[in-house]
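Subject: Structure handover

Hello,

Here is the structure for you to look over. My notes on what turned up in it follow below.

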Amino acid sequence: MEAIRKQASRLREQVARQQQAVFKQFGGGLYGNSDNAFADSAEYQQHQKLEKLYISTRAAKHFQRDIVRGVEGYIVTGSKQVEIGNKLSEDSRKYGAENTCTSGNTLSKAALSYARARAQMENERGNLLKALGTQVAEPLRAMVMGAPLEDARHLAQRYDRIRQEAEAQAIEVSKRQIKVRETAGSGDYISKLEASEAKLQELKSNMAVLGKEAVAAMTAVEAQQQRLTLQRLIAMVESERTYHQKILQILEQLEAEMLSERQRIEAPPNPVTENHMPPPPSYEEANGIFTNSTVDVPFETVEYFLAEVIQSYQAETDVELNLSVGDYIVVRKVSNNGWAEGECKGKAGWFPFAYIERRDRVLASKVVQIM
């Protein structure tokens, strides 16, 4: 056990001496002269900077790759949404064009308006996806896979290998220095020491040159990464903002059209007589009695016919007739100014001609109600 402890102690001492030799060559001047301390400090700072640049460019590369993957996924999903939206637009257009509803075409108009707006929105979505692909994904993908980044990283890796060789050579020099001291300056050991020191200086020189080149290349790549990635992020934000602004305009126009149509159909009907229709004919006009023989009779000669009331009307004078939706009327006269005269439920009078529709066939029960 004692022999093992002594051997371990000798090994520890040998390692300590080798470490001390390395510190003399690279450690920053604790054991060397001022010139060597300056050179080692500069090399250490260069090494630290290159290490930070390597980490920074690697993180930026991963971020760029994440953006590309995210945009590509968004494009795939968006393309499917465009397909679904266009199908919805076509279905809405088909219903609006082929609607057979008997109570009006309000829903048909709304369906056609929605179909048009949906097609416009899907077109804008397609433009957004195209912009994200050409303005964001492609430039970033090109930089991730580009030569400048790979060349700079290869320089950094070459520098790291030479640095490792220099560290190993420094340990070799330290060993030969120990041999020279132990052999009291043997010529053979001295020549080997000088050869090792010359090789170490060559490695350090090459390392310094390559380190400067690697730092310059990595610094340029880092600046390009930062600039290009920021530009592509801004382009992505601007494209999405433009897209949402256009979608908002389309939706606002569509909403205005639909609300206007809903207000139109929900508003109470205004009697035609208020603004657009003249008052019903007087008794003399209705019966062809005129004080002036030059007055033309303002009536169409029609045969009696049956009509159904399609819009209620409240009589405003004694010569007018109250109407309710669904009533049937025997129409006897139609004037040229929008009025008609007829009989309903035992009462006769005038009413707006536009409030009725002619019926060729009427149930017998309805005919009894007329009389």
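Aspartate 327 is buried, because its relative accessibility of 13% falls under the 20% limit. This is a predicted model, so please read every value here as computed from it. The side chain of aspartate 327 meets that of lysine 345 in a salt bridge, 3.4 Å from N to O. The two residues are 18 positions apart and sit in separate loops. Aspartate 327 lies between E2 and strand E3 (328-335). Lysine 345 lies between strand E4 (339-344) and strand E5 (347-352). Is lysine 345 buried or exposed? Lysine 345 is exposed, at 51% relative accessible area.

Now the chain as a whole. The protein chain has eight helices and six strands. From the N terminus, the order is α-α-α-α-α-α-α-β-β-β-β-β-β-α. Of its 371 residues, 32% are buried. The chain exposes about 23500 Å², with 53% of that supplied by carbon and sulfur atoms. Take the contacts with a separation of 6 or more: 70% of them come from residues 24 or more positions apart.

How many salt bridges does the structure hold? There are 15. Two others are worth a look.

- Arginine 359 pairs with glutamate 308, with the closest N and O atoms 2.8 Å apart. This pair joins distant parts of the chain, 51 residues apart. Arginine 359 is in the loop between strand E6 (356-358) and helix H8 (364-370). Glutamate 308 is in strand E2 (residues 305-309). Arginine 359 is partly exposed, at 24%, whereas glutamate 308 is buried, at 18%.
- Lysine 246 pairs with glutamate 124, with the closest N and O atoms 3.8 Å apart. Here 122 residues separate lysine 246 in helix H5 (residues 187-266) from glutamate 124 in helix H3. Lysine 246 is partly exposed, at 36%. Glutamate 124 is buried, at 16%.

One more residue: glutamate 122. It is found in helix H3 (residues 106-144). Glutamate 122 counts as buried because its relative accessibility is 3%, under the 20% limit. Leaving out residues up to four places away in sequence, glutamate 122 touches Gln81, Val82, Gly85 and Asn86. Salt bridges with shared partners also join Glu122, Arg118 and Arg125 into one network.

Best wishes

Notes. Residues are numbered from 1 along each chain as its sequence is written. This is a predicted model: local features need pLDDT of at least 70, side-chain atom pairs count only at pLDDT 80 or more; totals for chains, interfaces and linings use all residues. Side-chain values use heavy atoms; hydrogens and water are left out. Helices (H or I, at least four residues) and strands (E, at least two) are DSSP runs, numbered from the N terminus. Buried means under 20% relative accessible area, exposed over 50%, partly exposed in between (1.4 Å probe, protein chains only). Contact means heavy atoms within 4.5 Å. Accessible areas come from the Shrake-Rupley method with a 1.4 Å probe; for residues, only the protein chains shown count as cover. A salt bridge is a side-chain nitrogen of Lys or Arg within 4 Å of a carboxyl oxygen of Asp or Glu.
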